[in-house]
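User: Hi! I'd like to learn how to read the places where parts of a structure touch. Could you walk me through them?

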Amino acid sequence: MIMRDVAIVGVGMSKFGERWSSGLKDLMAEAGIAALEDANISSREIEMLYGSTMASGRFAGQEHTAALMADQLGFQNIPAVRLENACASGGSALRQGYIAVASGIHDIVVVGGVEKMTDVTSAEASTALGGAGDQEWELFQGITFPGLYALMAKRHMYEYGTTEEQMASVSVKNHDNASKNQYAQFRRAITIDDVMRSKMVSDPLKLLDCSPISDGAAVAVLVPLEKARKYNDTPIKIIASAQASDTLRLAERDSLTEIKATKIAAQNAYKQAKLEAKDIDVVEVHDCFSIAEILAMEDLGFYKKGKAAKAIADGETTLNSKLSVNTSGGLKGCGHPVGATGIKQAAEVVWQLRGDAKERQVKGAEVGMTHNVGGSGATAVVHIYKRAD
Amino acid sequence: MAGIVGYGAYVPIYRIKVEDIAKVWGEDAESIKKGLGIREKSVPGKDEDAATIAVEAARNAIRHSGIKATELGAIFTGSESHPYAVKPTATIVSAGIDAGNRLMAADLEFACKAGTAGMQMVIGFVESGMIKYGMAIGSDTSQGRPGDALEYTASAGGAAFIIGKEKKQVIAEILKTVSFTSDTPDFWRREGAGFPSHGGRFTGEPGYFRHITNATKMLLEETGFKPSDFDYAVFHQPNGKFPTMAAAQLGFTTKQIENGLLTPIIGNTYSGASMVGLAATLDIAKPGQKIMVTSFGSGAGSDSFAIEVTDNIDAKRKNLTKIMEMINSRKVYIDYSTYLKNRGSIKKV
Amino acid sequence: MERSSSSLWRKIRSRYDLVGNECKNCGSSYFPPRVVCRKCGRKSKMVEKKFAGDGEIYSITRIRVPPDTFKDEAPYFIGVIKLKEGPMVEGHVLENGIEPKIGTKVRVRFRKMYVEGDEGLIYYQYKFEPV
């Protein structure tokens, strides 16, 4: 039961990318101060922080990152809790912040995600990310994340005739959107041919089917809706917050061609919001790999199973077409600092619903959705947002 | 009387041809093929070693025998390429066949005859009643120094034999076994050395031939058999030529040895060599036929066996993985550079 | 630490011999074994079950960019194998000249999975070979 409505009154993010000059603390501060300024709120007003990092210990040798973030942003002595749910850490932190405010326990809660990934080699980063799967039976055998999604892609191709070119079109679209986003890691357009000719990582996924290794942070400020206008003229209301889990090990799932946790979280979210897929105007989905966006479009109910790939290739999900998907550039184009991604998705949807998304603004966007996945689908978090009336 | 109740062999799928090795060293492939009597050799995959080969052979042996792995009272693994200097291969085998914990296990090393030495030990244990069944394995991923003559022959493979004395289980009785042993430095590898060293032509007459012929003659003398009493003979086979010459010297015919002579097509599997030869012979032997086997291990010694096939052999073949079928049906040729990569030698060379 | 003597040792029977388990309450079988049945939760009654190692490829990929621990092994095939007894398991698929595709029948093999440098432990495990 929801005690009271919750709104986002401030969002901020650091530029995503290879941030050679910035460490974990720099990134936290960059995004955190931007969010506080956006909400026009002082550091001392914050009551609680949920901080999300996936593998800061492996990437930067730093644990205890929520207290560190509270410390860096001048939130003196407030309770701070770190949340780790692999690549869904950010979305999960947002949901915990939502629960804290909705329950009435806290009024002003900050949720902040950060990941500093480029201080280690890409092989070390790949090993750290592998911890999102089953260590004993997946990573132990040298099964990488591209490998797990490749296994899903191969099965999807087998069952539904999905093609490598259709998958490539996801990356092309997302790079196109990223080129319009000042925070994005890749601000350049690419072609189907570029994707098809990029280095094979794990058949059938090529380098340009995969989201990059990125540094970055994103922060959001949550308050009760009834107090929201004190901080922001256009508060964005969270009208659904849902989450589900599944087996960590891919092979143990009921199906390799759907992410069941996404389906369950989406069904619950639609129920809470009293909306259907067709009511969504803008959505940020978890495209850690091109195939993941195809699965998401199906599992979130935008397309029937097996139909999303062709629709994406036909341009139905480009900016201001039938449904605008990953206007930020998604994980592929904007970058994927794993702990930050879920909160960055929320920031993008907030900007879209406020009408502040500039070149990549979706016309008349009223209802937005974010979809954040952990591992190969063991966690999925779905939020739905609407501009407060 | 103790006898073989089951056996299994294993040869990796990879092969390299004499031509491919000869090309690298500027040698004449034809004269090497003729001189060594070998066409190609088996090569282990990157993920294979003497333990994995031993487990594969042991699993085939258990399947063939029809006994449960937990009935084994002993496992001896003979090899000169044990993956660990300290930590037994035999325990890896016991776990790899899920043999439980109530058994004795040890590794043996006697160059190329450690596997047959294991057979003799198991025979002793079985005949004394200390154990009901025991397994002896010869398995190697032999190393030949790049450019050395051994590089053309040193190969990978192995065989496992289960010995017992239950009448209805025995497919071949071991009528007699003898050994001839001396201290002869014909071939050796020091602790930590990557490749073996050898005495060149000294390995022939004072090494291989002296021990093979003496052990075989002792066996014939003590059993009263003549070479012609045997339907088949298997000699240790470091190349295709030595066993043919030894057979001729001892009065065995080419026909008697041809079924058990696998070196020309898989190379010298060292500890596995005479046992793989025996396995190939048992694959085709009929009840009542006799087989003579003489192994050889540098350093040096030979173990000689007189074996007689029983009526049980045909019924047990339903679970047999025949070695010639394995050799011919699973075969992938690799070139010299892949061979080096598989052997992890690129850094070292 | 993801690799250690103890972590190797405690899973030897599963890694070497495909020892999994099944739930006597509902009949579901599991490889790798689970402590608690996914379907029955608290009511589960788990007993050991050994899998034969025969199955077929349900999905397959070839990893060309490996983690550090497998850098000398790449490229290698990884499959999701549907064991004939039911469970699905990820595993290495060996190259033997038969193209591993969805539907290809496989059988279990015993191989080295990972070697800790020149002085460390050798981790053995099942892999699958197309037949």
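Analyst: Let's begin with domains: their bounds come from an automatic or database domain assignment. This is a predicted model, where local features need pLDDT of at least 70, side-chain atom pairs count only at pLDDT 80 or more, and totals for chains, interfaces and linings use all residues. Residues are numbered from 1 along each chain as its sequence is written, while chains are lettered from A and ligands numbered from 1 in the order in which they are written. Chain A has domain 1 (6-121 + 214-236) and domain 2 (141-211 + 239-387). Taken over C-alpha atoms, the centres of these two domains of chain A are 22 Å apart.

User: How many residues of domain 1 of chain A are in contact with domain 2 of chain A?

Analyst: Two residues count as in contact if their C-beta atoms, placed from the backbone, lie within 7 Å. Here, 36 residues of domain 1 of chain A are in contact with 33 residues of domain 2 of chain A.

User: Which element gives the largest share of that domain 1 side in chain A?

Analyst: Elements are DSSP runs numbered from the N terminus: helices (H or I, at least four residues) and strands (E, at least two). On this side of domain 1 of chain A, α4(A) gives the largest share, eight residues. The side of domain 1 of chain A that touches domain 2 of chain A has 19 nonpolar, 13 polar and four charged residues.

User: What are the domains of chain C?

Analyst: Chain C is divided into domain 1 (5-18 + 53-130) and domain 2 (19-51). Ten residues of domain 1 of chain C are in contact with nine of domain 2 of chain C. Helix α2 (residues 12-17) of chain C gives the most to that domain 1 side, with three residues.

User: Now between chains: how many residues of chain A are in contact with chain C?

Analyst: The contact joins 30 residues of chain A and 27 residues of chain C. On the chain A side, α6(A) provides the largest share, seven residues. That side divides into 14 nonpolar, nine polar and seven charged residues.

User: And which elements of chain C give two or more residues to the side that touches chain B?

Analyst: That contact takes 13 residues from chain C and 16 from chain B. The elements are α2, β7 (105-115) and β8 (122-130) of chain C. By class, this chain C side has five nonpolar, two polar and six charged residues.

Terms used. Ala, Val, Leu, Ile, Met, Phe, Trp, Tyr, Cys and Pro count as nonpolar, Asp, Glu, Lys and Arg as charged, and the others, Gly among them, as polar.
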